[in-house]
Amino acid sequence: MSTINPLLKIGLQFIGVWPNVRYASVYRLIYILSILILQYFQYLYIYSHFKLSELPNLVDGLPVAIQYTLTASKLTALWIRRRVVYQVLTAMDDDWCVSMHVEQHLRMMATKADKSHLLCNTVFSLTTIAGVLYLLGDYAFRFLHLAEDVNVSSRHFPVKIQFPFEQAEQSPIYELLFIILFVHGMANTCTIATLDTLIASLVLHASGQIDIICHELRKISGDATFYESSMWRIGMLVERHNRVIKFSDKIHQISSIVTLMLVICNTLIIVYFGFLIVISVHGDTSIGLLVKAAFSCSVILTEIFIFCFAGEYLSFKSTSIADAAYDSLWYDIPPNQSRMMSLMIMKSQREITLTAGGLANLSLETFTTIMKTSASYVSVMLAIY
């Protein structure tokens, strides 16, 4: 068994951060070059439509361009830290090997693995559905309203993009570009799901190790039979606690810059999508654009919520070690061993947290702050509009 879901493993192999993947550097180079080329044509479209009269097209195209930029930045940060990712994945395998020898430990780890797999499947399903609806939403609504007055002379691509040559809207070049952009857009959504579920799976694995420590602390008693092995067991718990702290530090190294860029860029995207939803309800914007914006905004909110909840969950779990150690029968064990317990309590009082670039702790309070800030900016843009 493993905390890493098979879908997540495939995603990590695709972006080239899974250990021992052949030609990983080639995959990374091709992928980042394709994103940069697409970004050029996306921002070319934004530049040509940067006017108040075409505000719906601008608001529809700018968030997607920002999302691609965010994906490229997150991938670059992850590739720079890929050695840390390898170390974390190796440490996870080691923890599973150690837990195999104790049935209760294995059961706790399996429970966290099941939650990780369920979360991974849910996130991948949600992002895939949202990606398909966003990329093909306009075509679906045109097909449903084909009998009405529809301008069939203009051809649109799955994402707002502008090519500098007129042959892009002529067959068969249009169909080829359409397929390429659709596949690339779905690859981008799967990359987002991979990066999100990676952090969540690592946090769930760390919480499983914390549950094992708390379980062993509660088993401490003053029986004479316990004295014979108490020193070894407490030493094992201290060592496991240190491993959890090091593991959490590596999670922070992987996610710190990623979450900082995610919070900043996704806040802007939420503002744009929120503004688009409001003007779609009160204006003449098509229902297809409204559905696209609503689904895309829900996915982005889910992405931010996953990171904030993971930070809150890890912080709560880290402090539970101190509670479990204090609730144990530490006063019935020899003084030299109880001093080791007191040191563990002192170390556990410092919360293990995930931060956005070291500027703010990721928590549910941070998620609420992001929502309030986004709503305030939407109100300002509506007042200006």
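A: Begin with the elements: helices (H or I, at least four residues) and strands (E, at least two) are DSSP runs, numbered from the N terminus. The model is a predicted one, in which local features need pLDDT of at least 70, side-chain atom pairs count only at pLDDT 80 or more, and totals for chains, interfaces and linings use all residues. Residues are numbered from 1 along each chain as its sequence is written, and side-chain values use heavy atoms, with hydrogens and water left out.

Q: Are asparagine 20 and tyrosine 23 buried or exposed?

A: The classes rest on relative accessible area: buried is under 20%, exposed is over 50%, and partly exposed is in between (1.4 Å probe, protein chains only). Asparagine 20 is exposed because its relative accessibility is 81%. Tyrosine 23, at 54%, also counts as exposed.

Q: Which residues of helix H1 are buried?

A: In H1 (residues 6-15), the buried residues are Leu8, Gly11, Leu12 and Ile15. Viewed down the axis of H1, they fall within an arc of 100 degrees, so they line one face of the helix. The arc is that of the directions from the helix axis to the C-beta atoms. Pro6 and Ile10, on the other side of H1, are exposed.

Q: What is found at the start of H1?

A: There, a side-chain oxygen of asparagine 5 comes to within 2.7 Å of the backbone nitrogen of leucine 7.

Q: What does serine 99 touch?

A: Contact means heavy atoms within 4.5 Å. Not counting residues up to four places away in sequence, serine 99 touches His105, Leu106, Met109, Gln209 and Ile212. The C-alpha atoms of serine 99 and methionine 109, 10 residues apart along the chain, are separated by 7.7 Å. Serine 99 counts as buried because its relative accessibility is 0%.

Q: Where does serine 248 lie, and which residues is it in contact with?

A: Serine 248 belongs to helix H7 (residues 224-282). Leaving aside neighbours within four places in sequence, it is in contact with Ala206, Leu314 and Ile352. At 1% relative accessibility, serine 248 is buried.

Q: How many aromatic pairs are there, and how are they classed?

A: A pair of aromatic rings is described by the distance of the centres and the angle of the planes. Rings of Phe, Tyr and Trp (its six-membered ring) pair if their centres lie within 6.5 Å; planes under 30 degrees apart count as stacked, over 60 as edge-to-face and the rest as tilted. By this rule there are seven aromatic pairs. The rings of tyrosine 174 and phenylalanine 178 have centres 6.1 Å apart and planes at 45 degrees, so this pair is tilted. The two residues are four apart in helix H6 (residues 173-218), so about one helical turn separates tyrosine 174 from phenylalanine 178. Tyrosine 174 is buried at 9% relative accessible area, and phenylalanine 178 is buried at 18%.

Q: How is the pair of phenylalanine 305 and phenylalanine 309 classed?

A: Phenylalanine 305 and phenylalanine 309 are stacked, at 5.8 Å centre to centre with 20 degrees between the planes. Phenylalanine 305 is partly exposed at 35% relative accessibility, as is phenylalanine 309 at 40%. Phe305, Phe309, Tyr313 and Phe367 form one aromatic cluster.

How values were computed:
Polar contact = N/O pair within 3.5 Å; in protein donor to acceptor, adjacent residues only side chain to side chain.
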